[in-house]
Amino acid sequence: MTSVTDSDRTFINDFRSIPDMLRHTVATWPDREAFRQFDYAENAWLSLTWRAFNEKVVRWRRTFTAMDLKKGDRVAMLLTNSIDAVTFDEAALANGLVPVPLHAIDTAGSSAYILRDSGARFLVTTSRARWNAIAKAAEAEVDGLPDLNLVVFTNEIVTEGSPQDVDGHPVTLLGVEEWLSTGNHVPDETLPASPEPDDLAGFIYTSGTTGRPKGVMLTHRNIVENVKQINRCFDFSEEDVFLSYLPFSHTFERTVAHYNSLANGSAMAFAKSAGSIEQDLLVVKPTLMCSVPRVYERIYQALMHELADSTEEKRHLTDWAKEVGWRRFCQANDLPVEHSQRENLDETVWPTLDTDIASKIRDRFGGRLRATFAGGASLNTAVAKVFCAMGINILQVYGLTETSPIVSFTRPIGNHPSCVGFPVPDCDVKLGENDELLVRGPQVMKGYWGKTRETAAAFIDGWFRTGDQADLSDGGRIRIKGRLKEIVVTSTGEKIAPVDIEFAIQDDRLFEQVMVLGDNRPFVTALAVVNEKLWRELCDEMQLPFDDPQTIHARDMHRLIIKRIRQTCRNFPQYGIPRAVGITLTPWTVENGLLTPTMKLRRPQIMAAHLDLIESLYAGHQNAR
């Protein structure tokens with residue numbers, strides 16, 4: 001696949017390390033906006049130029065230097081996306097240190113494990129309360145935190161610097177300004193030299209759906225080459241504004257948003273929170289955004305609920321806009337066109353449909369979005385189809401933490417919502433056993449920290465094993481069929497990829513989250529989180545009490561639920577359609593441990609949380625185990 005970008009940004013090809021990007025951008029666009037974040041004390045959005053940002057980075061560099069840290073030492077961060085977070089990252093990298101970003105919404109126990117496993121000597125976080133939870137979790141473990149010497153708080157003043165004992169090891173606590181003042185005496189000429197391409201640029205711990213996370217060792221070369229690869233797939237600019245909400249512990253946001261905006265001089269605005277994305281889109285009006293599919297699904301579900309409560313005329317016009325918009329999208333991207341009897345009216349009616357319907361949906365994304373990059377999990381094709389029809393340019397990407405992360409990138413022309421784009425330049429892909437996608441390229445990791453056996457097992461003949469089943473038959477585009485370890489194999493030998501069935505069921509607005517299961521069972525079942533409002537309405541319709549736990553198990557209700565699921569899954573083989581479903585009103589979230597920080601289902605944890613319900617779905621059937 002050929003490049004689509006302008007040739008006047010060839011300066012990106014000269015970068016050898018991440019600090020090279022910052023030096024170029026500060027020299028080229030010193031007074032352009034670099035970062036924007038909401039200041040709750042001022043109740044306003046505050047902006048920082050590249051020049052001012054670089055001054056902050058140098059101050060942090062001086063203080064790291066005063067700590068006498070050595071090249072390759074690990075330094076950790078537990079912060080939400082913010083100016084402090086990117087300042088820490090750029091300062092650490094410029095000094096040859098190895099950033100270890102912790103998941104800001106992860107458990108204290110997981111954070112303690114990553115600090116211990118990485119051997120981090122330094123931690124910056126927001127408050128003493130966050131640190132105390134980590135320290136308590138660390139004391140419950142055998143090894144504690146033997147390497148950690150200093151913890152700095154960005155939101156608290158701590159001046160005394162008195163050590164805190166953590167399982168027999170002293171750790172000094174300081175406020176960020178008190179800590180930064182310790183570097184005031186360090187002259188700039190004594191700052192460490194820039195890192196080399198093969199020096200480590202981060203330990204990024206896999207969020208993982210099972211087991212302990214592994215520290216993925218990424219070098220400056222890995223990340224810089226990946227930035228170069230994606231810049232040959234899309235035309236980025238210093239005029240762009242990213243809206244950033246995915247955590248920087250997520251390689252997708254780290255590379256495609258942060259390091260890419262750093263390389264191109266683009267501005268980045270930090271969302272107030274993941275829960276405020278819809279409001280922040282309206283205020284920031286970004287031109288670009290990285291997102292996981294769950295956010296698109298959330299906006300889509302809100303649109304569908306609003307549409308259901310609107311007038312018949314509004315529903316009619318929206319359906320017509322979806323039909324015409326999708327046909328135009330297919331024509332522009334060389335996809336099979338879905339014909340209808342009224343398609344000869346497309347050019348006549350589209351200007352009105354675009355003004356009255358499509359533009360209103362685009363306005364929900366701020367009104368000037370050039371593209372939004374979807375990654376981190378599978379995207380529901382039905383959701384993508386609606387937004388693409390309305391002019392929201394969703395470009396799917398695919399990758400893993402171990403590949404820095406981008407393996408494939410959907411170009412602006414040739415967008416296919418059921419695929420994740422073509423492989424990026426200078427990256428080879430092929431299928432291995434069981435159609436496992438294998439990858440080879442300069443963005444592939446150095447290995448897993450301290451895990452020689454796991455590193456060796458991740459490769460076969462020099463190719464990285466992704467663990468994903470793929471299809472490469474669509475003209476070179478990659479279509480991901482599912483995780484190999486998530487394939488459901490029933491006791492009768494049928495193999496089912498659950499994600500497509502889960503998405504199909506979610507086409508019914510009643511079902512907000514779905515997990516299909518059936519490993520070593522005689523048939524497939526599902527667990528579903530239902531929309532509370534629609535569930536109340538359904539209970540009223542069935543004359544069943546909403547607040548009675550037994551309503552979920554009522555025979556007539558279950559029959560109706562199964563009928564609705566069969567309707568949404570009518571295009572799947574019978575053996576793949578759930579024959580029973582367990583209903584819950586409690587959403588699966590990151591906070592209750594049932595989603596990863598990138599909002600993927602933690603399938604084993606969901607099964608454990610609903611074990612009795614699952615057993616009831618198979619009760620009375622022989623060979624259920």
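Guide: The largest cavity has a volume of about 40 Å³, taken as the space filled by probe spheres on grid points joined across faces, edges and corners. A cavity here is a set of points on a 1 Å grid over the protein atoms alone where a 1.4 Å probe fits but cannot get out, and lining residues have an atom within 4 Å of a point. The model is a predicted one, where local features need pLDDT of at least 70 and side-chain atom pairs pLDDT 80 or more, while totals for chains, interfaces and linings use all residues. Residues are numbered from 1 along each chain as its sequence is written, and side-chain values rest on heavy atoms, without hydrogens or water.

In all, the structure holds three cavities of 30 Å³ or more. Around the largest cavity you will find E297, Y300, Q301, N380, V383 and Q506. Helix α10 (residues 293-308) gives the most to this lining, with three residues; helices (H or I, at least four residues) and strands (E, at least two) are DSSP runs numbered from the N terminus.

Strands β26, β27 and β28 form an open sheet in the order β26-β27-β28, with mixed pairing. Because β26 and β28 (580-584) stand at the edges with a single partner strand each, one side of each is left without a neighbour in the sheet. Neighbouring strands are turned by 20° against each other on average, direction ignored, using axes fitted to C-alpha atoms.

Strand β26 (residues 511-517) pairs with β27 (residues 525-530) in the antiparallel sense over six bridges; pairing takes at least two DSSP bridges. In this pair, Q513 stands opposite V529. On the other flank, β27 and β28 pair in the parallel sense over five bridges, and V529 stands opposite T584 there.

One last stop is T551, in the loop between α16 (532-542) and α17 (555-568). T551 counts as buried because its relative accessibility is 2%. Beyond its neighbours within four places in sequence, T551 is in contact (heavy atoms within 4.5 Å) with W535, C539, L544, P545 and M557.

Notes. Buried < 20%, exposed > 50% of the residue type's maximum accessible area, 1.4 Å probe, protein only. 1 Å grid on protein atoms, 1.4 Å probe; cavity = no way out; pocket = protein on both sides within 12 Å on 5 of 7 lines; lining within 4 Å. Axes fitted to C-alpha atoms, helices over the stretch in contact; angles between N-to-C directions.
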